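Look at the structure first, then read the points below.

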Amino acid sequence: MHTVRVYRNTGEGTNWWAEDDLGFTGGADHLSDLMASIREWAEAEGVLDDLSVSLVDDATEAVL
């Protein structure tokens, strides 16, 4: 399983951002746009079939 971690941004900049351990980073104002970017990246990297997306509480780093 390959996990991309998604965070809600409470500061300046985009509303949502994401990262993983393979080097993906991305951000968007709408979660649906970020998810589309994650899917496109995962397909290009060949990890789409093993993709998992986790929402993370930025304050506690807990997976929601």
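Val-6 has Ala-18 as its bridge partner in S2. The model is predicted. Strand S1 (residues 2-8) and S2 run antiparallel and are joined by four bridges.

- S2 spans residues 16-19, and its side chains alternate between two faces.
- Trp-16 and Ala-18 point to one face and are buried.
- In S3, Thr-25 stands opposite Glu-19.

**The hairpin**
- S2 and S3 form a hairpin, with five residues between them.
- Gly-23 sits in the turn and has a positive phi of about 110 degrees.

**Salt bridges**
- The count comes to two salt bridges.
- Arg-5 forms a salt bridge with Glu-19, and their closest N and O atoms are 3.6 Å apart.
- This pair links distant parts of the chain: Arg-5 is in strand S1 and Glu-19 in strand S2, 14 residues apart.
- Glu-19 is partly exposed, at a relative accessible area of 24%.
- Arg-5 also forms a salt bridge with Asp-21, with the closest N and O atoms 3.2 Å apart.
- Asp-21 lies in the loop between S2 and S3 and Arg-5 in strand S1, so the pair ties together parts 16 residues apart in sequence.
- Asp-21 counts as exposed, with 69% relative accessibility.
- Shared partners join Arg-5, Glu-19 and Asp-21 into one salt-bridge network.

Definitions and conventions
Residues are numbered from 1 along each chain as its sequence is written. This is a predicted model: local features need pLDDT of at least 70, side-chain atom pairs count only at pLDDT 80 or more; totals for chains, interfaces and linings use all residues. Side-chain values use heavy atoms; hydrogens and water are left out. Buried means under 20% relative accessible area, exposed over 50%, partly exposed in between (1.4 Å probe, protein chains only). Two strands pair if DSSP finds at least two bridges between them. A salt bridge is a side-chain nitrogen of Lys or Arg within 4 Å of a carboxyl oxygen of Asp or Glu.
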